[in-house]
Amino acid sequence: MRYCLQRNNNYSIMFLIMQEFFAKFSKKFKKLKFKIIAERVKTEMIFESHAHYDDDAFDTDRDTLLSELQENGIGYVMNISSSLSSVQATLSLAEKYSFIYAAVGVHPDNTGELNDESFAWLKEQCKKEKVLAVGEIGLDYYWDSVERDVQGKWFARQLAMANEVKLPVVIHSREAAKATLDIMRAEEAVERRGVIHCFSYTKETAREFLDMGYLIGVGGVVTFNNAKKLRECVGYVPMDAILLETDSPYLAPVPYRGKRNCSLYLPWVVAEIARIRGITEEEVIQATERNAKRLFMDKGQT
């Protein structure tokens, strides 16, 4: 009996030791794999087209993280506003960091805070030097946290504002494909066009946006096991119509799914797009950088 108890204790100790070993090994392997992917694409500079570094999730290490981006292959970052308060925070980041640019706009979930006075202020911010887009704007019928007619009203007005200030748009559309397209078609076409951020619809819907001259934003979701529809879209959409994005701090790619996202994880997205399309990671980075610069930085883009 005593022998059996001792043997069971030994097995328990061995199990705990092995469990700790494999946990440490897995963590080291994950870091090594990330380093290998990052090194493979380090000669190219990634254009991160959609992040929210003004978010509270970065309050403890924002400056440290942002200071690491360029040395790890992230050449440009579009920081996207989502509310009136985030507009000012986004502009501050753009002023502080040479590689960060701003998009100014109010997310559909926050359109309840808009009125004529605040909208006039928003339009003035669009004239700032490093503001390259209006966004993120659009419709969200998944959360429905703001009445749909209110979302629609301010989506239409922000599209019109983008036309007035001659900037492209960053569009959020969740479970609202038809309504989004209807409003976009009802309004005068945005001259500088824009991107459908975090695209989540079918390739048939992608075709409708592409025919209107819009680009498709692809991020960490493309690495998820249940993202078959998005992977089909990535294989269908021309490479000259795809942008890389993270939506940081949200939607981290596998193997970081569920954790805080950041631009340093974009090599995982690059690798998956390259795998789907049968091209190199360098080709993905080069194409998406050209696309982003054409959309946001080329004033003659149509």
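Q: Which residues have the most contacts inside the largest nonpolar core, and how many residues does that core have?

A: A nonpolar core is a set of buried Ala, Val, Leu, Ile, Met, Phe, Trp, Tyr and Cys residues joined through side-chain atoms within 4.5 Å, where buried means under 20% relative accessible area, exposed over 50% and partly exposed in between, with a 1.4 Å probe and protein chains only. In soluble globular proteins, nonpolar side chains tend to be buried together. Here the largest such core has 93 residues, and Y53 and F296 are those with the most contacts inside it; its largest share, 7 residues, comes from α5. This is a predicted model, in which local features need pLDDT of at least 70 and side-chain atom pairs count only at pLDDT 80 or more, while totals for chains, interfaces and linings use all residues. Residues are numbered from 1 along each chain as its sequence is written, and side-chain values use heavy atoms, with hydrogens and water left out.

Q: Which residues does Y53 touch?

A: Contact means heavy atoms within 4.5 Å. Leaving aside residues up to four places away in sequence, the partners of Y53 include F58, R62, L65, L66 and L69, and also V77, N79, L93, S248, C262 and S263.

Q: At roughly what angle do the axes of α8 and α9 cross?

A: Helices (H or I, at least four residues) and strands (E, at least two) are DSSP runs numbered from the N terminus; axes are lines fitted to C-alpha atoms, for helices over the stretch in contact, and angles run from 0 to 180 degrees between N-to-C directions. The axes of α8 (residues 228–236) and α9 (residues 266–277) come within 9 Å and cross at roughly 65 degrees. Angles of 65 to 115 degrees count as roughly perpendicular, under 35 as roughly parallel, over 145 as roughly antiparallel and the rest as oblique, and α8 and α9 are therefore roughly perpendicular to each other.

Q: Which residues of α8 and α9 meet?

A: From α8, R231, V234, G235 and Y236 meet E272, I273, R275, I276 and R277 of α9.

Q: Where are the cis peptide bonds, and what are their omega values?

A: Omega is the angle to read here. A cis peptide bond with omega of about 5 degrees joins G135 and E136, and E136 lies in strand β4 (residues 131–140). The bond from V254 to P255 is also cis, with omega near 15 degrees, and P255 is placed in the loop between β8 (242–244) and α9.

Q: Is L251 buried, partly exposed or exposed, and where does it lie?

A: L251 lies in the loop between β8 and α9, and it counts as partly exposed because its relative accessibility is 32%. Its phi is near 55 degrees, a positive value in a residue other than glycine.
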